[in-house]
Every structure is written in structure tokens, then in C-alpha cells.
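This report describes one structure, starting with its ligand. The sequence and model are shown here.

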Amino acid sequence: MNLLKSRTMNATLDLRDWLARARLAGVPFIPAEECPVELDLREEPGGPGLEELSAWTERRTKGLADEVGGAVWRWNLCAPWELKAAVSHPGLPVRVPWPKDAMGDERFRAILSEARAAGLLTLTTLVRPWIEAAEVAGLPVELRVFVSGTGASVTSYHTTRPLGDEWLPHAERAAASALKLRPWVPAVVDFSADFLVTEAGETLLLEGGPPCCYGADPCLLEPDGPFGDGRIVLG
Ligand SMILES: Nc1ncnc2c1ncn2[C@@H]1O[C@H](COP(=O)(O)OP(=O)(O)O)[C@@H](O)[C@H]1O
Ligand SMILES: [Mg+2]
């Protein structure tokens, strides 16, 4: 196994870690409520544990949706494929299966096996309020920041839909937030951090993840880098 990759995965995949870092760093983020049931990643998920986790997730997602007008669940490691597909295709309804029915999701299975190989121990779900994003051409405004030892670079997340220069202040804010996270991330790790720009213009951390070439798409930046050179590419 590639040691750097395994340490990188370990330090960068779990949403719970990213939210803890955001809290410590004072970075605004989309909150999440963690399911009290944890599945052991060393075992094949299934059985009563998965049923219980799924039931909690369904109950809490519906409860939160009633309280605040909308809610969504995701694994601690990634979102279900259906959510990713819906947000990147204007007009596609968001229909996300509950965890017990989402185990067959190929994207999830691939991430799960990498996480196991990297030594992550637990699998769970988190429930988050649905935050209305600023929209351009039917797609949410989301920004991905790559942070390396030298600094940050920012790219628009949706590569098919360019953003104008009016979004530069948000990109700069996302870069500043991502750099605030750096002291809380293990020193060995370069990382990416994704931000959602809300209808009201706030820039909120969605999640963090691995650096380029370890699973994070470079989006509009050149895959060969450089990363962390202060560049902002929006279209
Ligand atoms: N709470 C939320 N409010 C609004 N949009 C969300 C929320 N959570 C996720 N999304 C949308 O779903 C996409 C995928 O969710 P994300 O948590 O980033 O999962 P992944 O790690 O699999 O990329 C995000 O890029 C965003 O467009
Ligand atoms: Mg994401």
C-alpha cells in the first residue's frame, strides 16, 4: 500500500473530522448531526446495525426537513451518487435512497474499499439542513480550494458552467477559510476543501477531501498543478 496515500486518505476522508476542524478554526460550515449508530468498517456492513442506522437516518432527515424546510443525509465518507447526480444536472429531482438501500451505490463501494484499505474504522451517516445555494444557469455555486504547503488555489466546482468575476470575492473568502483549516490538518497532508455559496452570499464549508490526484477532481485547474499558487479559475 502507498503510505502517503493511506495517510492522506486517513486524514482527509471523514466529514466528522472536517467539521471538527472547521469548528476549531472558526470557519463557517454547514452543520451536521451524526448518527449515534456506527458500523465497523472491518466487517461487511449489513444486518441489524445497518437497519438501525438507516431507520435513524430516515427519521432524523424527515424531522429536520420539517424543522428547517429541507434536509439531506450522507455517509461520513461521501454523499450517495444520486445526490451528486441531481446537483450537477439542472432539473433532476433529488431522490436519495435511504442508507440500507444505498449500499449498492458503486461510487460509495469504491470509496468504502479505499477507506478500508487506508485503515478507517467506522461508517456512519450524518444529517444536514439543506442550504439553498446561489444558482447560476440552474447549477449551485460551489468552489473547490486546493491547499498545499505554499498556499491555496481555487476553482469553480461545476466545470460545465463558467462563473463571472463577480464571484471572485467569494473565491477569495473560500481560499481564506481553507487556509484557516490548514493548522488543524496533519502536516503531511495537502488537501482540498469545498465550499457552497448560499443564496444570501455566505461561503460555507461543505466538506474537505484529499488533494489533487488522490481522488479530488482538479475541476478547472490543470491536473499537473501547480496547486497552492494563489490562482483562481472560475470559467
Ligand atoms: N446540506 C446541503 N445543502 C445544499 N447542498 C448540499 C448539501 N449537502 C450536499 N449538497 C450538494 O450535494 C453535493 C454532494 O455532497 P457532498 O457532501 O459534497 O458529497 P461528496 O463528498 O460525495 O462530494 C455537494 O457538492 C452539494 O452540491
Ligand atoms: Mg463534495
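## The shell around ligand 1

The shell around ligand 1 holds 12 nonpolar, no polar and six charged residues. Here Ala, Val, Leu, Ile, Met, Phe, Trp, Tyr, Cys and Pro count as nonpolar, Asp, Glu, Lys and Arg as charged, and the others, Gly among them, as polar. The model is predicted: local features need pLDDT of at least 70, side-chain atom pairs count only at pLDDT 80 or more, and totals for chains, interfaces and linings use all residues. Residues are numbered from 1 along each chain as its sequence is written, while chains are lettered from A and ligands numbered from 1 in the order in which they are written.

In total, 18 residues surround ligand 1, and Cys78, Ala79, Val87, Arg128 and Ile131 are the closest. A residue is near a molecule if its C-beta atom, placed from the backbone, lies within 6 Å of it. Helix H4 (81-88) is among the elements that supply at least two shell residues each, as are strands S3 (71-75), S10 (191-197) and S11 (203-209). H4 gives the largest share, three residues. Helices (H or I, at least four residues) and strands (E, at least two) are DSSP runs, numbered from the N terminus.

## Two domains

The chain is divided into domain 1 (31-129) and domain 2 (135-233), with bounds from an automatic or database domain assignment. Their C-alpha centres lie 23 Å apart. Ligand 1 lies between the two domains, because both give residues to the shell around it.
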